[in-house]
Amino acid sequence: MDKKYYITTPIYYINDVPHIGHAYTTIAGDIMARYKRLQGYRVFFLTGTDEHGQKVEKAAAAAGIHPREHADLMVNRFIDLWQTLNITHTGFIRTTEERHRKVVEHIFQKVRDKGDIYLGEYEDWYCVPCEGYYTELQLKDGLCPDCGRKPEKLKEESYFFRMSRYTQPLLDLLEQHRDFVMPDIRYNEVASFVKGGLRDLSVSRTSFNWGIKVPSHEKHVVYVWFDALTNYLTGIGFLENDEEFNTFWPCDVHLIGKDILRFHAVYWPSFLMSYGLEPPKHVFAHGWWTRDGQKMSKSMGNVIDPHEVMNTYGVDEFRFFLFREVPFGLDGDFSKQAIVHRINGDLANDFGNLTSRTVTMIGKFLKGKIETPERSGGMDDTVKETTMRLIGEYRKEMDVLAFHKALGNVFEIMAILNKYIDTEAPWKLARENDVRVKTVMFNLWNGIRIAAMLLNPFMPVKSQAIWKALGIGKQIETSNWDEEMGFYTPSDTAAIDKIPPVFPRIEETT
């Protein structure tokens with residue numbers, strides 16, 4: 001059977017303007033999708049928009065339009081941003097699609113037929129922005145524990161999901177699959193929450209109308225999270241395309257922000273177990289971004305617009321910075337000084353300068369052509385062996401979404417190549433040992449080629465530009481991983497010569 005990989009982002013609320021948090025999760029998904037494709041996997045990468053719920057209904061009413069019209073206007077903001085960011089998603093799901101309505105109704109009815117959904121009455125505190133209900137004990141000083149806003153006290157007839165039945169099955173899942181929730185700090189949060197015992201969950205609403213109606217009881221709207229989470233099934237053909245669904249389910253990893261961990265790691269697997277489907281293999285919850293040490297908010301005017309950052313620093317540079325600067329899973333802080341430091345240091349000084357020096361010397365000393373070395377020595381073996389070891393480390397880190405460590409491995413390759421240049425001094429060899437200089441250039445060319453391929457998931461455009469600078473005409477994305485991860489003499493390259501900087505330095509301003 002072909003290797004397959006299914007990765008998702010959350011579906012994003014359409015009544016908000018896309019910001020750095022949306023970009024962060026989606027770029028992370030794109031990095032893994034690109035990486036797995038390079039590995040020869042058949043990849044399905046799903047993203048989309050969440051278009052139901054009370055806050056969407058309120059936003060549309062404020063604008064004087066129908067909620068569907070509001071959704072149609074807002075969804076393009078996300079579609080346009082993903083195009084700008086070079087996101088290679090396979091599917092895009094909208095919860096207002098007919099195919100999704102059918103899936104939600106089907107699953108709700110099947111779970112109700114099983115006896116896991118029953119009619120009752122709900123009274124508790126409800127936070128409209130979070131679409132979440134909370135008990136008195138869960139509130140913090142009377143405010144929503146997640147967003148800090150004042151919730152509303154609601155009492156209404158509601159259908160309930162028998163979440164309490166799934167306390168032990170969830171504990172078994174967590175015990176048997178320690179990597180079900182990643183990273184470890186999030187696993188511990190979920191385990192503690194489940195061990196505290198689970199209450200039955202309200203899964204319908206009568207206080208608003210915009211959503212999918214409960215089958216045979218249209219006074220009720222399906223709770224937005226029961227609706228939204230089901231997108232992960234709809235998006236890969238559930239009820240429509242058995243071949244595609246059976247190929248990709250269970251999902252390899254749901255990428256989410258830490259604020260929606262409980263919905264994905266507790267509610268979602270419970271719904272799936274009730275219906276009779278396997279839970280996802282992994283749920284990875286990443287941290288939040290602050291700006292200059294402060295929490296971002298519209299009122300403070302410090303929300304980061306991804307378009308603004310990309311226009312200033314570049315798309316690939318933005319993608320790179322987010323995952324080089326902070327360990328994926330932890331909170332991070334964005335500042336102009338930090339991104340300029342990464343661009344000037346890692347990219348311009350380390351990688352860009354290494355590439356420029358190497359291609360200039362190949363053009364000058366070898367007339368632009370890489371040749372098979374006649375012999376190699378101690379430092380040559382060290383370069384090759386270290387590069388091969390770091391490729392292996394890179395793969396291990398990528399497979400557990402440790403992006404900052406994987407990038408660290410790539411920059412270790414660059415460090416050994418820069419040291420190699422300083423030790424071997426090709427400019428001297430060109431005058432004194434024209435045989436030896438061929439070997440040094442051969443190793444440098446191969447090391448840079450490999451490093452560029454390893455960086456391709458993070459920087460697809462700039463990595464390809466480096467291959468072009470090395471005289472390589474083929475595309476990284478369609479190249480054979482196993483062949484490219486070794487040192488070889490190219491059979492056909494364009495003439496290699498001096499190039500303008502791949503990563504121009506940015507002048508720092510105070």
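This is a predicted model: local features need pLDDT of at least 70, side-chain atom pairs count only at pLDDT 80 or more; totals for chains, interfaces and linings use all residues.
**A parallel sheet and a helix pair**

Strand β2, spanning residues 42–50, runs parallel to β3, and four bridges link the two. Both strands belong to an open, six-stranded sheet with parallel pairing, ordered β3-β2-β1-β12-β13-β7. At its edges lie β3 (91–94) and β7 (181–182), each of which pairs on one side only. Helix α10, residues 261–275, lies across β7, β12 (253–257) and β13 (283–286), and runs at about 140° to β12.

T9 counts as buried because its relative accessibility is 0%, below the 20% cut-off. Beyond neighbours within four places in sequence, the contacts of T9 include T25, T26, F45, L46, G48, Y232 and L255, along with T47 itself.

Turning to the helices, α13 (residues 336–365) packs against α15 (residues 403–424) with the axes 11 Å apart and at an angle of about 45°. The pair is therefore oblique, and the crossing of α13 and α15 is left-handed. On the α13 side, the residues that meet α15 are D346, L347, D350, F351, L354, R357, T358 and M361. Their counterparts in α15 are F411, M414, L417, N418, I421 and D422.

Key: Residues are numbered from 1 along each chain as its sequence is written. Side-chain values use heavy atoms; hydrogens and water are left out. Two strands pair if DSSP finds at least two bridges between them. Contact means heavy atoms within 4.5 Å. Axes are lines fitted to C-alpha atoms, for helices over the stretch in contact, and angles run from 0 to 180 degrees between N-to-C directions. Buried means under 20% relative accessible area, exposed over 50%, partly exposed in between (1.4 Å probe, protein chains only). Angles under 35 degrees count as roughly parallel, over 145 as roughly antiparallel, 65 to 115 as roughly perpendicular and the rest as oblique. A crossing is left-handed if the near helix is turned anticlockwise from the far one by less than a right angle, and right-handed if clockwise.
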